[in-house]
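Hi,

Here is the structure I promised to pass on. Have a look at it first, then read my notes below.

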Amino acid sequence: MNPWKIALKKPTDRTAFQNAWVVNDIEAACMKWVKEMGVGPFFLNEYPNGTFSEVTYRGEPAELSMKVAIAQAGPVQIELIEPMTETCAYRDIVPKGKEGFHHMCVWTLDFKADSSYFENLGYAAANTGRIRNNDFAYFDTRPLMGCMLEVITKNPQTQDRFAMIAEAAVNWDGQNPIR
């Protein structure tokens with residue numbers, strides 16, 4: 001049997017569109033990417049406790065807060081995350097005071113099916129939550145790829161925001177690097 005046909009039956013859109021790093025100082029990290037890699041502009045948002053609903057950490061109710069900066073580097077979105085919550089998926093991989101790669105991100109059209117799929121493979125959800133009716137989860141896929149995999153519900157609002165960020169990078173002249 002053709003292995004590609006088998007892969008197509010799996011629920012997740014496995015097109016990784018984002019790579020994400022945990023950082024100690026979001027603005028300093030943005031400027032380092034701008035100056036050393038020419039990536040930008042970064043769009044910075046803060047997500048305090050209460051922004052996300054139905055948050056779990058390793059299956060238990062939890063809080064989740066962070067600062068996030070997103071930019072586009074060619075076909076790949078770059079996400080920098082400064083965790084404000086210490087008990088979270090980010091700290092499972094990158095201890096406080098350290099910086100490093102954390103996850104790749106893919107869309108889902110069927111969050112429940114994808115969650116069941118990954119959990120049946122033995123990849124537990126480290127964090128789950130919802131923001132404006134959009135579900136997300138960080139699956140602990142370290143045994144497979146050395147990092148986590150974020151799965152997020154594909155929706156027009158997030159797609160439009162990500163398209164705007166990508167468009168801003170196309171002819172970016174280096175001005176206004178953090179927005």
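C105 counts as buried, since its relative accessibility is 2%. Keep in mind that this is a predicted model. C30 is in no disulfide either, with the nearest cysteine sulfur, that of C105, 18 Å away. C30 counts as buried too, at 0% relative accessibility.

The largest pocket has a volume of about 500 Å³. It is lined by 24 residues, and Y47, I131, I152, T158 and F162 are the closest to its centre. Two or more lining residues come from each of β2 (43–47), β5 (66–73), β9 (134–139), β10 (148–153) and α6 (156–170). Which element gives the most to this lining? That's α6, with five residues. Sorted by class, the lining of the largest pocket has 14 nonpolar, six polar and four charged residues.

The second largest pocket holds about 180 Å³ of space. Its lining has 14 residues, and R14, F118, L144, M145 and L149 lie nearest the centre. At least two lining residues each come from β7 (100–108), α4 (111–120) and α5 (142–145). By class, the lining of the second largest pocket splits into 10 nonpolar, two polar and two charged residues.

Cheers

Definitions and conventions. Residues are numbered from 1 along each chain as its sequence is written. This is a predicted model: local features need pLDDT of at least 70, side-chain atom pairs count only at pLDDT 80 or more; totals for chains, interfaces and linings use all residues. Side-chain values use heavy atoms; hydrogens and water are left out. On a 1 Å grid over the protein atoms alone, a cavity is a set of points where a 1.4 Å probe fits but cannot get out, and a pocket is an open set with protein on both sides within 12 Å along at least five of seven lines; lining residues have an atom within 4 Å of a point. Grid points are joined across faces, edges and corners, and a volume is the space filled by probe spheres set on the points. Helices (H or I, at least four residues) and strands (E, at least two) are DSSP runs, numbered from the N terminus. Ala, Val, Leu, Ile, Met, Phe, Trp, Tyr, Cys and Pro count as nonpolar, Asp, Glu, Lys and Arg as charged, and the others, Gly among them, as polar. A disulfide is a pair of cysteine sulfur atoms within 2.5 Å. Buried means under 20% relative accessible area, exposed over 50%, partly exposed in between (1.4 Å probe, protein chains only).
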